[in-house]
Amino acid sequence: MQTTIINIKGMTCMGCVRSIKNVLEKIPGVSGAEVSLEDAQVTIEYDAAITGIDQFKQAIEEAGFETII
Ligand SMILES: [Cu+2]
């Protein structure tokens, strides 16, 4: 398992937090995503053999947010 942190721009409430958590946890290989509204970031735990940062960025952007790495 690998852990990565992605900074996110545009989250304003717990609804944003939940939608980002949901889209990330749907990605095969992701075992957990902890989103912090305060810190404007998400910590993702995943299997690097199956998925990676490009997929995470894409999923977050498709959900309507900006990513900063
Ligand atoms: Cu929101």
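**Contacts along the chain**

I started with contacts, meaning heavy atoms within 4.5 Å. Among those between residues at least 6 apart in sequence, 57% join residues at least 24 apart.

Ground rules before I go on. I am looking at a predicted model, where local features need pLDDT of at least 70, side-chain atom pairs count only at pLDDT 80 or more, and totals for chains, interfaces and linings use all residues. Residues are numbered from 1 along each chain as its sequence is written, and side-chain values use heavy atoms, with hydrogens and water left out.

**Overall layout**

Next I looked up the secondary structure, as DSSP runs numbered from the N terminus (helices are H or I, at least four residues; strands are E, at least two). I found two helices and four strands, in the order β-α-β-β-α-β along the sequence. The chain is as compact as a globular protein of 69 residues, because its radius of gyration of 11 Å is close to the 11 Å from the globule rule. That radius is taken over C-alpha atoms, and the rule is 2.2 Å times the number of residues to the power 0.38. Along the principal axes, the C-alpha atoms fill a box of roughly 30 × 20 × 20 Å.

**Surface and charge**

I checked burial next: 33% of the 69 residues count as buried. The cut-offs on relative accessible area are under 20% for buried, over 50% for exposed and partly exposed in between (1.4 Å probe, protein chains only). The chain exposes about 4100 Å², with carbon and sulfur atoms supplying 48% of that; the areas are Shrake-Rupley with a 1.4 Å probe.

For charges, I looked up the mean positions of the 5 positive and 10 negative ones, and they sit 6 Å apart. Lys and Arg count as positive, Asp and Glu as negative, while His and the chain ends are not counted. The charge is placed at NZ of Lys, CZ of Arg, CG of Asp or CD of Glu.

**Strand 3 and its partners**

Which strands pair with strand 3? Strand 1 (residues 2-9) runs antiparallel to it, joined by six bridges, and strand 2 (residues 30-36) is also antiparallel to it over six bridges. For pairing, DSSP has to find at least two bridges between two strands. I noted one partner on each side: Asn7 bridges to Gln41, and Ala33 stands opposite Ile44.

In the hairpin of strands 2 and 3, four residues lie between the strands, and Ala40 has a positive phi near 55°.

Thr4 is in strand 1 and counts as buried because its relative accessibility is 13%. Leaving out residues up to four places away in sequence, Thr4 touches Val42, Thr43, Ile44, Tyr46, Ile53 and Phe56.

Gly32 belongs to strand 2; its 15% relative accessibility is why I log Gly32 as buried.

Thr51 sits in the loop between strand 3 (41-46) and helix 2 (53-62). Buried or exposed? Thr51 is at 7% relative accessibility, so it counts as buried. Its contacts beyond four places in sequence are Ile27, Pro28, Gly29, Val30, Tyr46 and Phe56.
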